[in-house]
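The stops below are meant to be followed in order.

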Amino acid sequence: MKRMVEFTVNGEAREMAVNGCCSLLDALRDEVGLTGTKKGCDVGDCGACTVLVDGEPVNACLMLAVEAEGRAVETVEGLQPGVDRLHPLQDAFMRHGASQCGFCTPGILMMAKKLLDDNPHPSDEDIRFGLSGNICRCTGYTKIFDAIKSAAREMEATRP
Amino acid sequence: MRRFDYHRAETLEHASRLLTELGDDTFLFNGGTDLLVEIRERLRRVRNVVDIKQIPGLSDITYNETRGLTFGALVTVGRLENLSLVRQRYPNLRSALASLGSIQVRNRATVVGNICRASPSADTIPPLVADGAFVHIYSRTNMRVVPICEFFTGPGRTVLAKGEIVTGITVPPAGDNTGKAYLKHGRRKAMELSTVGVAVSLAMDDGVCSDIRIALGAVGATVLRAPQAEAMLRGTRLDAEAVRSAADKAMEECTPISNVRASADYRRDMVGVLTGRAIKQALETFA
């Protein structure tokens, strides 16, 4: 039996009809059409599907779509502040080569956004702790850390 | 994912009725971080899930000096982990909470879910056992309160009867004379199941140990106490020699198995090492 779910994605009100067993991840990708959020392991180990729900990072694969009722979901597609403007994290990830195959990147960007929103000056240890649920098999993390620290400086410089 | 039907319970009575009436293969759905994995990996056959997250009154956290810390079934691991009260008063529980899964998992997983899953390696169980916590259980006919050490009957098994629902946990108050620690041993720090976990909760009066509880995780069918090791330490000053003998005794008291994460011998050795270290760390509270 399908259920109607009303929620917001990246600030936009959406309505979808989903089966009770459909994950938020599958709903975002197949029903809403936002394929930026990736399906890595589908069991909560890799962090590639990290999205923010009411501001808190969760694995979209471990949440059912029906549970999104009335909630605000943010995905990587909502990260950029304007059509032709990138979020400082996105910009820094490109400049530092913090993305290779790119599959983990959307999840890491969302986790890094939450990290910098809560803690504008994270130490290496803070970043390591913050990203411990996001697995990257390409970069060795060094460039990801560089990019996050660079974005933190950039955001600090432009903060009003 | 294998298909199942989703039911949203409005009240405990409603949830309990659904659990009994929908038949076998019906499971409570709380944080879902274990259940959904088990469904996807086909470890558990599930036809119906009963979501209890809309039931009012299960999200509270309270603390007072006589009753201690009480939290409801819907309280997430992440919410407790970030509470300064837990950091200050229950460092053993706090350490277990912060080592469970990842931040993303902890934002969904609940402590009550962790104990109901009853894994011998569950991180939150050893500190709750060491602290002598109580489990509040609802059924349609009565409420009961069970000491947590009597809650588990085997790996993945508890005293819960069909239709019974754990509504919360109470952890006794932590006095100024108490010291606590939880040490988790794994192959990596994050996203890891514990190979061995040791929790200690002790009380010191005038330099003498008046009470101590040692809980051993992942070295038996359920989380175990080490009653003989504890008895050896009560009434002592917890000097290095006493702690070493008790740690050796704890190694005898555990019943580990060999599996993909470690051999039984290795686990037993680590019980000795971690028991000594956990007691030392618990004592640092008084330093």
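**Stop 1: two hairpins in chain B**

Begin with β13(B) and β14(B). They form a hairpin with six residues between the strands, and B:Ala218 there takes a positive phi near 65°. Keep in mind that this is a predicted model. Now display the pairing: strand β14 (residues 224–225) of chain B runs antiparallel to β13(B), joined by two bridges. Pick B:Leu216 and look across to its bridge partner in β14(B), B:Leu224.

Go to the other hairpin, formed by β12(B) and β13(B). Two residues lie between these strands, and B:Asp206 in the turn has a positive phi of about 50°. Which residue of β13(B) is the bridge partner of B:Leu202? Select B:Ile212 to see the pair.

**Stop 2: the nonpolar core**

Select B:Val200, B:Leu216, B:Ala250 and B:Val271. In the largest nonpolar core, which has 141 residues, these four touch the most other members. Which element gives this core its largest share? Look in chain A: helix α3 (residues 105–118) of chain A supplies seven residues.

Now centre on B:Ala250. Setting aside neighbours within four places in sequence, its contacts include B:Ile214, B:Leu216, B:Ala226 and B:Ala229. B:Val271, B:Gly272 and B:Thr275 are also in contact with B:Ala250.

**Stop 3: a covered helix**

Select helix α5 (residues 91–98) of chain B. Is this helix mostly covered or mostly open? It is mostly covered, with eight of its eight residues buried. The buried residues are B:Pro91, B:Asn92, B:Leu93, B:Arg94, B:Ser95, B:Ala96, B:Leu97 and B:Ala98. Note B:Arg94 in that list.

Next, show what covers them. The cover includes α3 (77–81), α4 (84–89) and α8 (125–130) of chain B. It also includes β11 (178–185) and β12 (196–205) of chain B.

**Stop 4: B:Leu69**

Select strand β5 (residues 68–72) of chain B and find B:Leu69 in it. Why does B:Leu69 count as buried? It has 23 other C-beta atoms within 10 Å, and the cut-off for a buried residue is 20 or more. Beyond its neighbours within four places in sequence, B:Leu69 is in contact with B:Tyr63, B:Tyr90, B:Thr170 and B:Val171.

Draw a distance from B:Leu69 to B:Asp25. The two are 44 residues apart along the chain, and their C-alpha atoms are separated by 33 Å.

**Stop 5: the open sheet in chain B**

Turn to the three strands that form an open sheet in chain B, in the order β1-β3-β2 with parallel pairing. The edges are β1 (5–8) and β2 (26–29) of chain B. Each edge strand has a single partner, so one side of each is left without a neighbour in the sheet. From one strand to the next, the twist averages 25°.

Zoom in on β2(B) and strand β3 (residues 48–51) of chain B. Four bridges join these parallel strands. Select B:Phe29 and look opposite it for B:Asp51 in β3(B).

**Stop 6: domains**

Colour chain B by domain: domain 1 (5–51), domain 2 (61–171) and domain 3 (178–286). Between the centres of domain 1 and domain 3 of chain B, taken over C-alpha atoms, there are 35 Å.

Then colour chain A: domain 1 (2–77) and domain 2 (88–158). Their centres, taken over C-alpha atoms, are separated by 22 Å. Here 13 residues of domain 1 of chain A are in contact with eleven residues of domain 2 of chain A. On the domain 1 side, strand β3 (residues 50–53) of chain A gives the most, with three residues. By class, that side has seven nonpolar, five polar and one charged residues.

**Stop 7: where the chains meet**

Finish by showing both chains. How many residues of chain A are in contact with chain B? There are 20, facing 20 residues of chain B. On the side of chain A, strand β4 (residues 56–59) of chain A provides the largest share, four residues. By class, that side has eight nonpolar, nine polar and three charged residues.

Conventions:
Residues numbered from 1 in each chain as written. Chains lettered and ligands numbered in written order. Predicted model: local features only at pLDDT ≥ 70, side-chain atom pairs only at ≥ 80, totals over all residues. Contact = placed C-beta atoms within 7 Å. Nonpolar A, V, L, I, M, F, W, Y, C, P; charged D, E, K, R; others polar. Domains from an automatic or database assignment. Core = buried A, V, L, I, M, F, W, Y, C linked by C-beta atoms within 7 Å. Buried ≥ 20, exposed ≤ 12 C-beta atoms within 10 Å, placed from the backbone. Pairing = 2+ DSSP bridges. Axes fitted to C-alpha atoms, helices over the stretch in contact; angles between N-to-C directions.
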